[in-house]
Amino acid sequence: MKAVIQRVKEARVMVEGNEVSRIGKGLVVLLCVEEGDNEEISQWFAEKIVSLRIFPDEAGKLNLDLSQVGGEVLLVSNFTVCGQLKKGTRPSFHLAADPKMAEEYLNRLKELIVAQGISVKLGVFGAYMEVELINDGPVTLFLERSAKV
């Protein structure tokens, strides 16, 4: 799995001009499921996302996690996060999982995060989406874990 994670003041997903999801303070997670991903990786991702200490405390230091600030997660499937640019200028997406597997793991990740007490909203899997957000900081991270050694 690979993800681009952005700390946001608010975010929403639009599909065909209609708002389908919205969060306030929290994290937007643009997630790509890769071939070979498994339950262990999903669990690791859920724990890591929930425990990221990237929100400021009263002294302005990045010490607080989602639960400490009452934050939410907007989880959006995004196979382009797995894009490879090693050759040429057109990205290769050969590392991305097939859509059925990707959707299953996206939904599993949502369940695992919710089980930790965090509200999670989803984009629309496979749809053309417009993701609007106010990046807070900006704070943007890349998270990656692979079953390949």
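**View 1. The largest nonpolar core of the predicted model has 31 residues**. Val-29, Leu-31, Phe-45, Ile-49, Val-73, Leu-75 and Ile-113 have the most contacts inside this core. Two or more residues each are given by strands S1 (2-15), S3 (26-32), S6 (72-77), S7 (120-122) and S8 (130-144) and by helices H1 (39-51) and H3 (99-114). Helix H3 supplies the largest share, seven residues. A nonpolar core is a set of buried Ala, Val, Leu, Ile, Met, Phe, Trp, Tyr and Cys residues joined through side-chain atoms within 4.5 Å; buried means under 20% relative accessible area with a 1.4 Å probe, protein chains only. Helices (H or I, at least four residues) and strands (E, at least two) are DSSP runs, numbered from the N terminus.

**View 2. Surroundings of Ile-113**. Beyond residues up to four places away in sequence, Ile-113 touches Ala-46, Ile-49, Val-50, Val-73, Ile-118 and Val-120 (contact: heavy atoms within 4.5 Å). A second, separate core of 15 residues includes Val-28, Val-81, Cys-82 and Met-129.

**View 3. Asp-57 in the loop between strands S4 (55-56) and S5 (62-64)**. Asp-57 is buried but has no salt bridge (side-chain nitrogen of Lys or Arg within 4 Å of a carboxyl oxygen of Asp or Glu); Lys-61, the nearest side chain of opposite charge, is 7.3 Å away. The Asp-57 side chain reaches the backbone nitrogen of Ala-59 at 2.8 Å. With the side chain of Asn-63, the Asp-57 side chain makes a polar contact at 2.7 Å (a pair of N or O atoms within 3.5 Å, one able to donate a hydrogen and the other to accept it; residues adjacent in sequence count only if both atoms are side-chain atoms).

Residues are numbered from 1 along each chain as its sequence is written. In this predicted model, local features need pLDDT of at least 70 and side-chain atom pairs count only at pLDDT 80 or more, while totals for chains, interfaces and linings use all residues; side-chain values use heavy atoms, without hydrogens and water.

Notes
Buried means under 20% relative accessible area, exposed over 50%, partly exposed in between (1.4 Å probe, protein chains only). Lys and Arg count as positive and Asp and Glu as negative; His and the chain ends are not counted.
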